[in-house]
Amino acid sequence: MHLIRRLVQLMERGYSERSMAKELGISRPTIRNYKTRLGDSGKDYHTLKSLSDEQLSNLVYPPVEAAVKDDTRRLDIESRMDYLLSEL
């Protein structure tokens, strides 16, 4: 979570995406993705810095269970799992 907190600090200071990527050691598309998600939250920098780790994480990282639950490929393989395991 230190990474996200540092990103918020750099955003507040007006660093470019390239500078932030170099400073944090992550790609510019990842920086852009995080910035978009933080911006979509509608919260200012002061509020973002005061959030708990869990709250900040929920803003930046999408919920995994929602993506997994609706994946038709996963549902298909799960329905065939008993057969596949019996063939091993």
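Biologist: On what basis are the residues numbered and the values computed?
Modeller: Residues are numbered from 1 along each chain as its sequence is written, and side-chain values use heavy atoms, with hydrogens and water left out. As the model is predicted, local features need pLDDT of at least 70 and side-chain atom pairs count only at pLDDT 80 or more, while totals for chains, interfaces and linings use all residues.

Biologist: Against which helices do the buried residues of helix 1 pack?
Modeller: Helices are DSSP runs of H or I with at least four residues, numbered from the N terminus, and helix 1 spans residues 2-12. Its buried residues (under 20% relative accessible area, 1.4 Å probe, protein chains only) are Ile4, Arg6, Leu7, Val8, Leu10 and Met11. They pack against helix 2 (17-24), helix 3 (28-40), helix 4 (45-50) and helix 5 (53-60).

Biologist: Are helix 1 and helix 3 roughly parallel or roughly perpendicular to each other?
Modeller: Axes are lines fitted to C-alpha atoms over the stretch in contact, and angles run from 0 to 180 degrees between N-to-C directions. The two axes are 11 Å apart, at an angle of about 80 degrees. Angles under 35 degrees count as roughly parallel, over 145 as roughly antiparallel, 65 to 115 as roughly perpendicular and the rest as oblique. Helix 1 and helix 3 are therefore roughly perpendicular.

Biologist: Which residues of helix 3 make the contact with helix 1?
Modeller: Contact means heavy atoms within 4.5 Å. Helix 1 contributes Leu3, Ile4, Leu7, Val8 and Met11. From helix 3 come Ile31, Tyr34, Lys35 and Leu38.

Biologist: How many residues apart in sequence are the parts tied together by the pair of Tyr34 and Tyr61?
Modeller: Rings of Phe, Tyr and Trp (its six-membered ring) pair if their centres lie within 6.5 Å; planes under 30 degrees apart count as stacked, over 60 as edge-to-face and the rest as tilted. The structure holds 1 aromatic pair: Tyr34 and Tyr61 are edge-to-face, 5.8 Å centre to centre with 85 degrees between the planes. Since Tyr34 lies in helix 3 and Tyr61 in the loop between helix 5 and helix 6 (64-69), the pair ties together parts separated in sequence by 27 residues.

Biologist: With which side chain does the side chain of Ser27 make a polar contact?
Modeller: Ser27 lies in the loop between helix 2 and helix 3. A polar contact is a pair of N or O atoms within 3.5 Å; within protein, one must be able to donate a hydrogen and the other to accept it, and residues adjacent in sequence count only if both atoms are side-chain atoms. At 2.8 Å, the partner is the side chain of Thr30.

Terms used
Buried < 20%, exposed > 50% of the residue type's maximum accessible area, 1.4 Å probe, protein only. Helix = DSSP H or I, 4+ residues; strand = E, 2+ residues; numbered from the N terminus.
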